Amino acid sequence: MWHEPRSGLFITHPNWPISNSTFLQFIVAFLSAHSSQPNAAATADEKPPTIFTVQTNMGKKRKASEPLAVPKKDDAAPERPVRTLLGWKDKNEVNNDDVVEVKDNGSSPIFRNKEKVLVTCSRRIIYRYRHLMLNLVSLLPHCKKDNKVESKETKGATLNELVELQNCSSCLFFECRKAKDLYLWMSKCPNGPSVKFLVSAVHTMEELKLTGNHLKGSRPLLTFSTNFEKDAYWKLLKEMLLQIFETPKDHRKAKPFHDHVFVFSIVDDHIWFRNYQISVPHNESDKLPRGGLDKMTLIEVGPRFCLNPIKIFGGSFGGPTLYENPFYVSPNQIRALQKKKKAGAFAKKVKAKTRRKLHEMSNPLEPDEFADMWKD
């Protein structure tokens with residue numbers, strides 16, 4: 001409300017005291033209203049100028065005055081480049097790379113190996129076989145190690161689920177039975193095929209103590225004997241071994257060197273595995289020219305093991321049987337034959353005693369005439 005007494009201008013506000021900003025707005029509004037009327041003495045019919053009302057709540061915290069909306073500048077940080085297998089690239093370069101000519105069959109001509117192998121074992125595995133598994137883990141930089149899995153009939157579904165969770169495409173499962181026998185499942189997940197091996201002649205790196213040594217994480221050369229080309233199932237095994245044991249190019253854990261070689265050879269229908277270091281002289285005088293293989297030598301590193309194929313399945317950890325080894329004899333049958341041999345030795349002793357008694361009864365001794373000579 002406002003008054004114009006005789007002595008001068010008198011201004012009051014219903015909710016006094018008010019803040020400085022509110023008071024300043026009140027004064028500006030009042031002056032602007034009076035400056036628009038030249039005659040200060042208004043008639044009774046004329047209504048006084050309307051002054052805006054300011055609502056203030058006494059006893060409550062006053063709200064801070066809202067700051068003026070300032071238009072934001074376009075100072076956004078540049079987008080992070082996309083990371084690819086070949087390094088960091090800008091989006092424009094990635095989009096240009098993605099535009100690749102597609103063949104008639106609809107497949108891209110660029111192939112990138114993204115193989116990942118899950119390595120795990122069953123419970124109650126003995127230390128010797130566990131050390132073998134750890135040796136393979138150290139040799140394969142593209143593998144992932146997982147917890148132990150219970151060896152049951154449902155292990156196939158469990159392993160397929162673990163492979164999917166770990167984002168892998170293959171699996172090596174070491175299954176130990178009776179704390180004596182080691183079986184190796186080699187599977188391509190989730191659609192197969194899969195192979196079951198009996199592992200024998202196991203020798204770990206710690207046990208062999210060989211002089212060979214190579215860089216950890218380096219890419220190996222894989223060599224196969226010519227026997228892998230004679231039958232279809234050997235070709236299938238060769239392809240599976242090649243995909244699982246080959247380290248992908250430009251893998252983040254792999255090193256771009258080839259300083260060791262994996263050797264797979266077939267002897268007596270068994271696959272024998274060896275790992276050799278490629279030794280090259282490092283002296284400046286003995287520096288090898290290109291193609292000078294006569295001075296290169298191979299030094300065994302380890303481990304050693306032998307794989308006896310049992311069955312090849314069409315699916316992952318099961319499915320239709322594609323091949324069954326007709327020459328395979330289970331370790332249980334071998335142990336049973338050994339026990340029979342030991343039991344046969346005792347039976348031979350019993351039979352010998354029986355024959356001796358029958359021989360004595362059929363051939364009695366003649367009476368001795370001097371037998372009663374000293375009785376008296």
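A search of the whole predicted model finds 10 salt bridges. Three residues, Arg123, Arg124 and Glu150, are linked in a network of such pairs. Glu150 pairs with Arg123, the closest N and O atoms being 3.6 Å apart. This pair links distant parts of the chain. Glu150 sits in the loop between β6 (143-145) and α4 (155-165), and Arg123 in the loop between β5 (117-121) and α3 (127-139). The two residues are 27 positions apart. Glu150 also meets Arg124, with an N to O distance of 2.7 Å. Arg124 lies in the loop between β5 and α3 and Glu150 in the loop between β6 and α4, so this pair ties together parts that are 26 residues apart in sequence.

Arg123, at 42%, is partly exposed. Glu150 is likewise partly exposed, at 28%.

A further salt bridge joins the side chains of Glu175 and Arg177, at 3.2 Å from N to O. Glu175 has a relative accessibility of 1% and is therefore classed as buried, the limit being under 20%. Arg177 is partly exposed, with a relative accessible area of 34%.

The largest nonpolar core has 40 residues. Those with the most contacts inside this core are Leu172, Phe174, Met186, Phe245, Phe264 and Ile271. Helix α6 (residues 232-245) gives the most to the core, with seven residues. Apart from this core lies another, of 12 residues, among them Leu118, Val149, Val163 and Phe173. Beyond its neighbours within four places in sequence, Phe174 is in contact with several residues, including Val119, Cys121, Ile125, Leu132, Leu136 and Leu184.

The buried residues of α6 are Tyr233, Trp234, Leu237, Met240, Leu241, Ile244 and Phe245. Seen down the helix axis, the buried residues fall within an arc of 125°, so they line one face of α6. An α-helix has 3.6 residues a turn, so residues three or four places apart point the same way.

Strand β9 (residues 194-203) pairs with two strands, β8 and β14. β9 is mostly covered, with seven of its 10 residues buried. Strand β8 (residues 181-188) runs antiparallel to β9, and six bridges join them. Leu184 has Phe197 of β9 as its bridge partner. Five residues separate β8 and β9, which form a hairpin. In the turn, Gly192 has a positive phi of about 90°. Eight bridges join β9 to strand β14 (residues 304-315), again in antiparallel fashion. Here the bridge partner of Val199 is Leu307 in β14.

Ile299 lies in strand β13 (residues 297-300). With a relative accessible area of 27%, Ile299 is partly exposed, because this value falls between the 20% and 50% limits. Leaving aside neighbours within four places in sequence, Ile299 is in contact with Thr211, Gly212, Asn275, Tyr276, Gln277 and Ser279. Ile299 and Ser279 are 20 residues apart along the chain, and their C-alpha atoms are separated by 6.9 Å.

Note on methods
Residues numbered from 1 in each chain as written. Predicted model: local features only at pLDDT ≥ 70, side-chain atom pairs only at ≥ 80, totals over all residues. Heavy atoms only, no water. Helix = DSSP H or I, 4+ residues; strand = E, 2+ residues; numbered from the N terminus. Buried < 20%, exposed > 50% of the residue type's maximum accessible area, 1.4 Å probe, protein only. Contact = heavy atoms within 4.5 Å. Core = buried A, V, L, I, M, F, W, Y, C linked by side-chain atoms within 4.5 Å. Pairing = 2+ DSSP bridges. Arc of directions from axis to C-beta. Salt bridge = Lys/Arg side-chain N within 4 Å of Asp/Glu carboxyl O.
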